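The sequence and structure come first.

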Amino acid sequence: MFRRRTETATEEPPQAPEADKTTKTVGKGRPTPKRRDAEKRNRQPITAPRTRREALRRERDQRTRRPGDAKQIRAGIARGDERYLPRRDKGPVRKLARDYVDSRRTFGEFFMYLTILIVVLSMVAPLAVRIYLQTFGLPVILAVIIVESVLISSRVKRLARERFPDESTQGVGIYAVTRAMQIRRLRMPQARLKPGQKAEV
C-alpha cells in the first residue's frame, strides 16, 4: 500500500490542454518567405482588354489611381494635358479637331439658347408668330445645324489626313461635330483659341 502511494505521488501531472495550445501557437510554424518570392507571387500577368467597355473601365480605374487629387485631374483635363485626358481626347488629331472648332463660331453652340427662345416665344407671342415659329422655327434650325455638321466633319477629316497622314482619323468627324454642338464655356478640354484665331499645329 505504501509503495503504491509513493509511485502515484512521484508521477508528473499531465499538462493542461491550455499549455499545449500555447506551446503550439508560438511562432508562425513556417519559414518567412523571401522578398523576391513574395513579389513574384503578387505579380499578375497583364492581359489586353477584350472589349471596348473593358478598356474604358480600365482607363477610368487608372485615372482614379493616378497621383494627385480630383481637383488636379480636373485641372489637367481642362487645360488639355495629355497625362490626364481620356482616350477619346488624346492625340494630335483630336487636338486639331478641337482647335478647328474652337477657332470659329458655330451655329450649333447656340442651339440650346435658340431652342429656349423659340419655346418662350411660342407661349407669349401673338398667335400668328407662334404658328410661324412652330412651323418654321425648329425645322430651319435643325437643317442649318445638319449642313454645318457635315461641313465641319468633312473639313476636319481632310485637314487631319493632310497634317497627320500616319495617324488614325477614325471618329474624328463625329468628335468635331459633338464639340461644335457644345456651349463654348462648357467644353472640356477648354478652348485654347478664341473665334478668329488661327489654329497652330
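## Salt bridges

A salt bridge is a side-chain nitrogen of Lys or Arg within 4 Å of a carboxyl oxygen of Asp or Glu. The model examined here is predicted, and eight salt bridges are present in it. Arg-79, Asp-81 and Arg-83 are joined in a network of such bridges. Within this group, the side chains of Asp-81 and Arg-79 meet with an N to O distance of 3.6 Å. Asp-81 has a relative accessibility of 16% and therefore counts as buried, since the cut-off for that class is under 20%.

The side chains of Arg-187 and Asp-102 form another salt bridge, at 2.7 Å from N to O. This pair connects distant parts of the chain: Asp-102 belongs to helix 6, while Arg-187 lies in the segment after helix 9, 85 residues apart. Both Arg-187 and Asp-102 are buried.

Arg-105 and Glu-109 also form a salt bridge, with 3.6 Å between the closest N and O atoms. Glu-109 is buried because its relative accessible area is 3%.

## Overall fold

The protein chain has nine helices and zero strands. Read from the N terminus, its elements run α-α-α-α-α-α-α-α-α. The chain has 201 residues, of which 28% count as buried. Of the contacts with a separation of 6 or more, 68% are between residues 24 or more positions apart.

Helix 5 spans residues 70-78, and its buried residues are Ile-73, Gly-76, Ile-77 and Ala-78. Just after helix 5, Gly-80 has a positive phi of about 80 degrees.

## The largest nonpolar core

In soluble globular proteins, nonpolar side chains tend to be buried together. In this model, the largest nonpolar core contains 14 residues, and Ala-97, Tyr-100, Val-101, Ile-152, Val-156 and Ala-176 have the most contacts inside it. Helix 6 (92-102), helix 8 (127-163) and helix 9 (172-180) are the elements that give two or more residues to this core. Helix 6 gives the most, with five residues.

What does Val-101 touch, leaving aside its neighbours within four places in sequence? Val-101 is in contact with Thr-106, Ile-152, Ala-176, Arg-179, Ala-180, Arg-184 and Arg-187. Of these, Ile-152 and Ala-176 are also listed among the core residues with the most contacts, and Arg-187 is the partner of Asp-102 in the salt bridge described above.

## Val-144 in helix 8

Val-144 is located in helix 8. Its relative accessibility is 35%, so Val-144 counts as partly exposed. The C-alpha atoms of Val-144 and Phe-107 are 7.7 Å apart, and 37 residues separate the two along the chain.

## The second largest pocket

Rolling a probe the size of a water molecule over the atoms shows where empty space is left. The second largest pocket has a volume of about 160 Å³. Its lining consists of Arg-87, Arg-88, Lys-90, Gly-91, Pro-92, Val-93, Arg-94, Glu-167, Ser-168 and Gln-170. Sorted by class, this lining has five charged, three polar and two nonpolar residues.

Key:
Residues numbered from 1 in each chain as written. Predicted model: local features only at pLDDT ≥ 70, side-chain atom pairs only at ≥ 80, totals over all residues. Heavy atoms only, no water. Core = buried A, V, L, I, M, F, W, Y, C linked by side-chain atoms within 4.5 Å. Buried < 20%, exposed > 50% of the residue type's maximum accessible area, 1.4 Å probe, protein only. Helix = DSSP H or I, 4+ residues; strand = E, 2+ residues; numbered from the N terminus. Contact = heavy atoms within 4.5 Å. 1 Å grid on protein atoms, 1.4 Å probe; cavity = no way out; pocket = protein on both sides within 12 Å on 5 of 7 lines; lining within 4 Å. Points joined across faces, edges and corners; volume = space filled by probe spheres on them. Nonpolar A, V, L, I, M, F, W, Y, C, P; charged D, E, K, R; others polar.
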